[in-house]
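Trainee: I am new to this structure. Please take me through some of the words used for it and what each one rests on.

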Amino acid sequence: MTDRTCLILYYSLTGQAEKAALQAAATASAAGWTVRTCRISMTAPEDALARPLKIADSKKWTQGAQKGLTVPVTCDPPDAVVGRYDAVLLFTNTWGDNPSVPVRSFLESPAAQALLSGTPFGVYVICRRLWEKNLAIVRSLGEAAGGRFLGGEAFMHPGGQIGSLIQTISYLHRSDDGLRRFLGLPLPRYGLSDAAIARLPDFTMELLNAAGKVAAE
């Protein structure tokens, strides 16, 4: 297994996708894979997003994701997407119910075609609730780039539909940890649930084992 190589590819605004990506990288490394991690960013300085978000920016990018907007993106380190890998593990954030603009922009780029052509890839959907459309689009774009889909799964935030929505909105538009209560009712914390974090290692190994079977074909 020591000669198997894996790329962990992600975009992260709030740090949740990065947290999940680094845990997947640690799991793959412990299993004997040679691992590289690569962060996607939007190239133009005016496109860079950080908390607290302005309401206008939140609306702009959510609507952009719904419309399939793409923008120039960069990868850090840039040479990570040039090589060939036995598996690519892609982390996709959900904006509305679509992939984030940076992730979609990469998947529609020539770099993605060069990276994924003939390569097994798995998908982690980092989300509050809506995830099915995100996964379907990312799978379709990855396969259109020549990749071989291994599987995908959602990794969600805690709380119900309403509570997690209020918490996410408050977290994105504030610089602290978000609201603890709303109209007297407690809100879930912002971030991946404990169950989602606990699931990451097993799902990562499922993808890597599936990639190993593809290589043995």
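Mentor: Start with accessibility: buried means under 20% relative accessible area, and exposed means over 50%. The model is predicted. By that cut-off, Ile 55, Ala 56 and Lys 59 of H2 are exposed.

Trainee: Which residues of H2 are called buried?

Mentor: Ser 58, Trp 61, Gly 64 and Ala 65 are buried, so each falls under 20% relative accessible area.

Trainee: Why are the buried residues of H2 said to line one face of the helix?

Mentor: Viewed down the axis of H2, the buried residues fall within an arc of 135°, so they line one face. In an α-helix there are 3.6 residues a turn, so residues three or four places apart point the same way. The exposed Ile 55, Ala 56 and Lys 59 are on the other side of H2.

Trainee: What do the buried residues of H2 pack against?

Mentor: They pack against S2, S4, strand S5 (98-99) and H3.

Trainee: What makes the span of H2 close to the expected one?

Mentor: H2 has 12 residues, and 1.5 Å a residue gives an expected 16 Å. From first C-alpha to last, H2 reaches 17 Å. After H2 comes Gly 68, with a positive phi near 75°.

Trainee: What makes a set of residues a nonpolar core?

Mentor: Its members are buried and joined through side-chain atoms within 4.5 Å. The largest such core has 36 residues, and Leu 107 is one of those touching the most other members. Helix H2 (55-66) is among the elements giving two or more residues to this core. A second, separate core has 24 residues, including Phe 203.

Terms used: Residues numbered from 1 in each chain as written. Predicted model: local features only at pLDDT ≥ 70, side-chain atom pairs only at ≥ 80, totals over all residues. Heavy atoms only, no water. Buried < 20%, exposed > 50% of the residue type's maximum accessible area, 1.4 Å probe, protein only. Helix = DSSP H or I, 4+ residues; strand = E, 2+ residues; numbered from the N terminus. Expected span 1.5 Å × (residues − 1). Arc of directions from axis to C-beta. Contact = heavy atoms within 4.5 Å.
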